[in-house]
Amino acid sequence: MLKVPEHQVAGHIASDGKLGPLVDDQGRFFKPLQGDSRGEHEAKFYESFTSNKKVPDHIHRYFPVYHGTQLVEASDGSGKLPHLVLDDVVSGYSNPSVMDVKIGSRTWYPDVSEEYFKKCIKKDKETTTVSLGFRVSGFKIFDHQESSFWRAEKKLVLGYNAAGARLALRKFVSSNSPADSNLIPNCAFASEVYGGSNGILVQLLELKDWFETQTLYHFNSCSILMIFENESILTKGGDNVQAVQAQVKLVDFAHVLDGNGVIDHNFLGGLCSFIKFIKDILQSIDQRDETNTSPLENGH
Ligand SMILES: O=P(O)(O)O[C@@H]1[C@@H](OP(=O)(O)O)[C@H](OP(=O)(O)O)[C@H](O)[C@H](OP(=O)(O)O)[C@H]1OP(=O)(O)O
Ligand SMILES: Nc1ncnc2c1ncn2[C@@H]1O[C@H](COP(=O)(O)OP(=O)(O)O)[C@@H](O)[C@H]1O
């Protein structure tokens, strides 16, 4: 039985009879092929990427596993439609906090229609895409105090300036109530989620290393998904080690182009900028911890 994904944070959502992705209970994510050429384009990307021997194994793990396409009943009631069948990258978590960050200082690319170009550039200027090289597209946090999810309002998220984006990245890894906008995010989970030997920063740096040399694809309008389970951190691990893990995944390949031997400077630049924001948060935590350590503990 397919159902609407509980943890989707951006993109087209299958609610109120609209077309959007579905999930099963076996850990599969079904993304409908969009009516124009975008869906087929994304399927072609996955076929090319999955079989591309030039892509190193350690990079493949940042992409959802692709299982081909399948005809399934669409969420909008229009009957059977082809869907991409992907691994549901949040299926291993009980209460995942998830953020979608669209990377790049532009979402348009050469040869798009005038209409599409205008739509993209308007959104790019109104959001932090142009100014920062990325924009937060949506996020949800598991609020362990309330034992429920808190979801950022789409309109507010798309209205963030640089300070708003920074605050959202801090809030995402905080344990104090996300609903209370007067609380300063405490970044309680920052060192486990963003830092550490398997944390988000290390993963982003590994991706950056690849983007510094890869000229196979240009990842226009593609997103980084960040996923983690904050409850597992609070209970110091829990039983499921896999679930504790903070993960970076790339999603949305409807606008990927052939790299033609050229570096993807749009994605690489945005990724570097995003990394700087994550590093700044980690640095501010380190400074705070140093300040909070008493002189005695410091050995003075
Ligand atoms: O429909 P909208 O206005 O919500 O725009 C979608 C974007 O939502 P946003 O408002 O930027 O959060 C949406 O962005 P997110 O996935 O939410 O980051 C996509 O860009 C989507 O286009 P595509 O499926 O990648 O071709 C965009 O869909 P299209 O309008 O291009 O179909
Ligand atoms: N493989 C996946 N597993 C789990 N969730 C996913 C997966 N792919 C996408 N999502 C969720 O769906 C959202 C939208 O995906 P995306 O591919 O960007 O769709 P759209 O083309 O509608 O923008 C993402 O922000 C994420 O929350």
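Where does Lys3 lie relative to S1? In this predicted model, in which local features need pLDDT of at least 70, side-chain atom pairs count only at pLDDT 80 or more and totals for chains, interfaces and linings use all residues, Lys3 lies in the segment before S1. Residues are numbered from 1 along each chain as its sequence is written, chains are lettered from A and ligands numbered from 1 in the order in which they are written, and side-chain values use heavy atoms, with hydrogens and water left out. Helices (H or I, at least four residues) and strands (E, at least two) are DSSP runs, numbered from the N terminus.

Lys3 is partly exposed, with a relative accessible area of 48%; buried means under 20% relative accessible area, exposed over 50%, and partly exposed in between (1.4 Å probe, protein chains only). Apart from its neighbours within four places in sequence, Lys3 is in contact (heavy atoms within 4.5 Å) with Leu22 and Val23. The C-alpha atoms of Lys3 and Ser75 are separated by 8.4 Å, although the two residues are 72 residues apart along the chain.

An open sheet is formed by 4 strands in the order S1-S2-S4-S3, with antiparallel pairing; two strands pair if DSSP finds at least two bridges between them. Strand S1 (22-23) and strand S3 (66-73) are the edge strands, and each pairs on one side only. Strand S2 (residues 28-32) is joined to strand S4 (residues 80-87) by 5 bridges in the antiparallel sense. Phe29 has Leu86 in S4 as its bridge partner. Helix H1 (residues 38-51) packs on the sheet and touches S2, S3 and S4.

Strand S5 (residues 97-103) is mostly covered, 7 of its 7 residues being buried. On one side these are Ser97, Met99, Val101 and Ile103, and on the other Val98, Asp100 and Lys102. In a regular strand the side chains alternate between the two faces of the sheet. S5 pairs with strand S9 (residues 223-228) through 6 bridges, running antiparallel, and Lys102 has Ser223 in S9 as its bridge partner. S5 also pairs with strand S6 (residues 134-143) in the antiparallel sense over 6 bridges, where Met99 stands opposite Phe139.

Residues of helix H8 (residues 200-211) meet residues of helix H11 (residues 265-292). Among them are Leu201, Leu204 and Phe211 in H8 and Phe267, Leu271 and Ile278 in H11. By class, this contact has 13 nonpolar, no polar and 2 charged residues; Ala, Val, Leu, Ile, Met, Phe, Trp, Tyr, Cys and Pro count as nonpolar, Asp, Glu, Lys and Arg as charged, and the others, Gly among them, as polar.

Terms used
Axes fitted to C-alpha atoms, helices over the stretch in contact; angles between N-to-C directions.
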